[in-house]
Structures are given as C-alpha cells and as structure tokens.
Amino acid sequence: MSTNKQRITWEGCSVLLDINDGDHLVFSRLTAGSIVKIGKNSYPLKPLIGCPFGSLFKVENGINGPSLSRVIPTPQANNTEDKREGALKEESRDNRALIDNNTAQTLTGEDIEGLRRQGASGNEIVEALIANSATYENKTAFSQDKYKLKKQKKYDPKVLLRRPFARSICDTYFKKYPSRIGFLRVDTLSLLLSFANVTAQSDVLVVDMIGGLITGAVAERLGGTGYVCNTYRGGSPHSLEIVRLFNFGDEINRRIVRLPLAELSSSQNGDAKENGQLQAGSSIESIDNPSNHSDATLSSISSDKPVSMEATTVSSEDQSPNTVTAVPKVHKAVQPGEKAPEDAIKSWKENGFSSLIIAAPNVDAWSIVKEVLPFLSFSAPFVIYHQYLQPLATCMHNLQVEKMAIGLQITEPWLREYQVLPSRTHPHMQMSACGGYVLSGTKIYNGDQPNK
C-alpha cells in the first residue's frame with residue numbers, strides 16, 4: 001500500500017473516531033452503510049471516505065437528517081485562537097458570589113428544541129445559551145471557557161478522524177477495555193519494543209495473549225521486513241483481532257505468521273529423516289505398482305475437489321480447436337496469521353530468532369519462558385510483560401539459577417500526564433497508578449542447549 005493512500009481513508013479501512021477531544025473513542029470500519037452514534041442520534045460515516053486522516057467534522061441537522069460535515073480550518077481562525085489563548089489578563093473577578101441553583105439559565109429545553117427545528121447550528125445554540133445566562137458575565141475568564149466548552153460538547157460535538165496505529169490503539173484500549181490488553185499502557189509497550197531491539201529485518205518470536213496488540217506493534221515497526229512469529233500452545237491460536245485495526249497491506253500481513261509451539265520444537269533432523277523415509281516408501285510403491293500414478297490422476301480428475309483454473313484450459317468438441325476458455329485469476333487479500341513458510345521455519349530451527357517478546361497475563365511466566373527461550377539465538381534479547389511483580393520475580397530467580405540469561409532486570413514504567421494551558425499547567429487529576437512490570441535480559445549459552 002502506498003504512503004499516499006495511507007494518509008487518506010478508503011472504503012473498508014479501519015479508523016479511530018475521536019469525539020469531543022477524547023471524551024468518546026470509537027473504532028469503526030468505513031463502509032457506505034456504517035454509522036456512529038453521538039448522543040441520541042446516529043450519523044452515517046460515508047462522508048468520511050476519501051478524507052485525509054486528521055480531518056475534523058462537525059454535526060449538522062439538515063433536511064436529509066443528521067450528518068457529518070468536514071470543517072476546513074482557516075489561518076485567520078487559527079491566529080485568532082492563538083492570540084486569545086496567549087493573551088493573559090489580570091483577573092479581578094472571582095466566583096465567590098455565584099450560586100448554582102439552576103435559575104441562571106432562562107432558555108428552556110423547549111426553546112432549544114425550537115431552535116433545532118428552525119435549523120439552528122450547534123454553535124448558534126451555544127451562543128444563545130451564553131446570551132441567556134444571568135451569571136456568565138460575572139464568571140472568571142477560565143470559568144467562561146469551561147462553560148462554553150461544556151455546552152459545545154453537548155450541542156456542537158466535533159469528530160476527529162484519526163489513523164489507528166500502535167500508540168492510538170493502545171491508548172484507546174487502555175481507556176475503554178484495559179483487561180483485553182492485560183492493562184498494558186503505551187509507555188510499557190514502547191519499553192517492550194525497545195528492550196527487544198525490534199528493528200528492520202528482525203525475526204521476532206512473540207507469545208501474544210492480549211488480542212494481537214504486541215504482534216501488530218512489532219509488525220508496524222518491521223515495516224514489511226523480517227518476520228513476527230506468533231507461537232502458541234495446543235491447537236488453537238490466540239486471537240489477532242487488534243491486528244486488523246492497523247490497516248496493514250499484503251506486504252506486511254505476509255510477514256505476520258503463526259506457528260504452534262509443538263511444531264517449532266520438533267527436531268529438524270527427525271523431520272528430515274521422516275520425510276526421507278516417506279519419499280523412499282512412495283518410490284518403492286510406484287515401482288511395484290506402475291498403475292498407481294494413472295489411477296491417482298484419474299481419481300484427481302473425477303474427484304469433487306475444486307481445480308485451479310489459473311493454468312487450466314477448457315475445450316470441447318463442439319468448439320473450434322483454436323477456442324480456449326480461461327477463468328481470470330481473482331486476487332485475494334493476504335490475511336495476517338497464516339502458517340509460517342517452510343524455509344523460514346528451517347532457518348529459525350537452525351539459527352534461532354533475533355528477539356523474544358512475551359505478553360501472557362493469564363499464564364505463569366516461568367512455565368512459558370522455559371519452553372520458548374531455547375528457540376532464541378544466543379546473545380539475543382528477550383522481554384516479558386506482566387501486570388504483577390511476583391510472577392516476574394520468580395521467573396528472574398529461576399533464570400539466574402538455571403544460568404540461562406544475563407543482564408536480568410525488572411523495570412516498572414512510570415508515566416505522568418500534564419494539562420498544558422495558559423496559567424493552568426498541572427498534572428492530570430486522574431492518572432493510571434501502575435503500568436505493569438517488564439523483565440528483560442539476554443540469553444546465553446549454558447552448555448545444555450544446542451548451538452544456534
């Protein structure tokens with residue numbers, strides 16, 4: 001997918017809708033019939049198709065019903081807003097004399113509905129509310145801004161069209177569904193990618209049990225080079241639903257593969273020996289019974305299995321000898337999470353992976369580490385995330401006792417968000433207390449493992 005297309009939405013792509021500056025975040029797939037619900041009304045998303053990411057939309061109630069219209073910012077409006085925010089005046093008023101008894105607003109709900117029926121815009125309704133407020137002029141400048149912003153979010157909401165990528169997806173899930181991603185915060189995600197040394201041409205082994213967020217973030221950083229291999233126990237792979245939000249093209253999706261842990265741990269020599277025995281047995285059988293080949297050919301022709309029409313031509317006696325009918329090839333998009341190619345599996349078994357990332361909140365850390373760490377190359381970094389400290393402390397102790405790694409350290413990420421406004425810069429009142437813990441280290445050779 002071209003870079004220009006990634007900057008502009010297209011039908012079928014996933015988008016992140018930021019409503020009222022982060023008050024409401026919604027993931028949506030843009031189609032002709034998709035809608036988004038804001039308040040009590042539903043708005044079609046068809047006008048968003050073909051617009052660049054970062055576009056701002058406002059709500060309108062037209063003849064054809066509620067709709068979203070794009071807001072084109074002008075340089076004059078931006079300059080006016082900057083001057084208004086930058087102008088600091090000596091404030092002589094305060095809010096001590098103001099009493100909140102719900103009698104300051106003279107405009108009733110019926111009056112507001114009447115303005116809407118007359119076709120008044122959201123901004124006009126906000127101005128009418130300000131004009132009919134008995135206490136607005138007595139408020140401080142900061143209080144006036146808060147009052148106006150509160151009414152604009154209710155009567156004149158704005159929708160920001162954002163592109164889903166690792167940071168925005170992680171932030172949204174952490175705010176709305178933190179348990180689905182194991183309470184992984186965005187700064188912790190950046191530490192995982194940094195400690196694992198995820199760079200171009202890397203082959204990264206991932207144990208991702210948090211919906212595919214780690215897999216998508218690694219694939220985004222690889223940029224269509226190397227491989228990200230998602231391994232799993234048993235026969236059912238872990239979900240990769242979050243990967244589909246990244247809008248990856250075929251080139252990157254082809255690099256996102258799955259491989260069960262049992263197949264990855266099988267011996268390469270045993271596989272080769274087994275394949276050689278099967279080939280020798282088939283050769284002896286074909287010599288003893290030469291008709292098997294023709295029988296197999298006839299059975300494949302007469303079977304009900306679909307035959308590829310890409311290299312097959314159809315001709316009949318009724319048609320002229322030169323007439324040939326061919327079915328055109330239909331391009332099918334590559335889906336993330338296909339099985340790893342054989343040449344890549346052979347390379348990983350011989351040389352190992354270049355890094356390892358584990359995010360398995362519901363599995364004991366040491367039990368999964370001792371299974372997957374042997375597939376890592378020597379001197380390669382690994383990193384493990386967990387919401388709690390004790391599982392990583394136990395895993396770290398066992399790694400030290402078994403002499404499997406060096407440079408072991410447990411890191412607790414720390415993040416503080418600030419509100420930055422003129423004369424009102426301070427930390428946010430509500431923040432995340434803990435972003436989980438990260439255990440990182442480097443694999444070493446201890447004499448009990450095969451050379452890689």
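Buried means under 20% relative accessible area, exposed means over 50%, and partly exposed lies in between, using a 1.4 Å probe and protein chains only. Keep that scale in mind for this tour.

**Before you start**

This is a predicted model, where local features need pLDDT of at least 70, side-chain atom pairs count only at pLDDT 80 or more, and totals for chains, interfaces and linings use all residues. Residues are numbered from 1 along each chain as its sequence is written, and side-chain values use heavy atoms, with hydrogens and water left out.

**Stop 1: colour by confidence**

pLDDT is the predictor's confidence in each residue, from 0 to 100. The protein's mean is 81, with 79% of its residues at 70 or more. Now select residues 268-325: pLDDT stays under 50 there, and the model has 18 contacts beyond four places in sequence for this stretch. A contact means heavy atoms within 4.5 Å.

**Stop 2: an aromatic cluster**

Select F27, Y173 and Y177, which form one aromatic cluster. Rings of Phe, Tyr and Trp (its six-membered ring) pair if their centres lie within 6.5 Å; planes under 30 degrees apart count as stacked, over 60 as edge-to-face and the rest as tilted. The structure holds seven such pairs. One of them joins F27 and Y173, a tilted pair at 5.8 Å centre to centre with 35° between the planes. F27 belongs to strand 2 (residues 24-29) and Y173 to helix 6, 146 residues apart. Helices (H or I, at least four residues) and strands (E, at least two) are DSSP runs, numbered from the N terminus.

Which of the two is buried and which partly exposed? F27 is partly exposed, at 22% relative accessibility, whereas Y173 is buried, at 8%.

**Stop 3: R185**

Move to the loop between helix 6 (166-176) and helix 7 (186-195), where you will find R185. R185 is buried, with a relative accessible area of 5%. Leaving aside neighbours within four places in sequence, its contacts include C170, F174, W414 and C434.

**Stop 4: helix 14**

Finish at helix 14 (residues 365-372), where six of the eight residues are buried. Among them are W366, I368 and V372. Show strand 8 (203-208), strand 9 (227-232) and helix 15 (390-402) too, as they are among the elements covering those buried residues.
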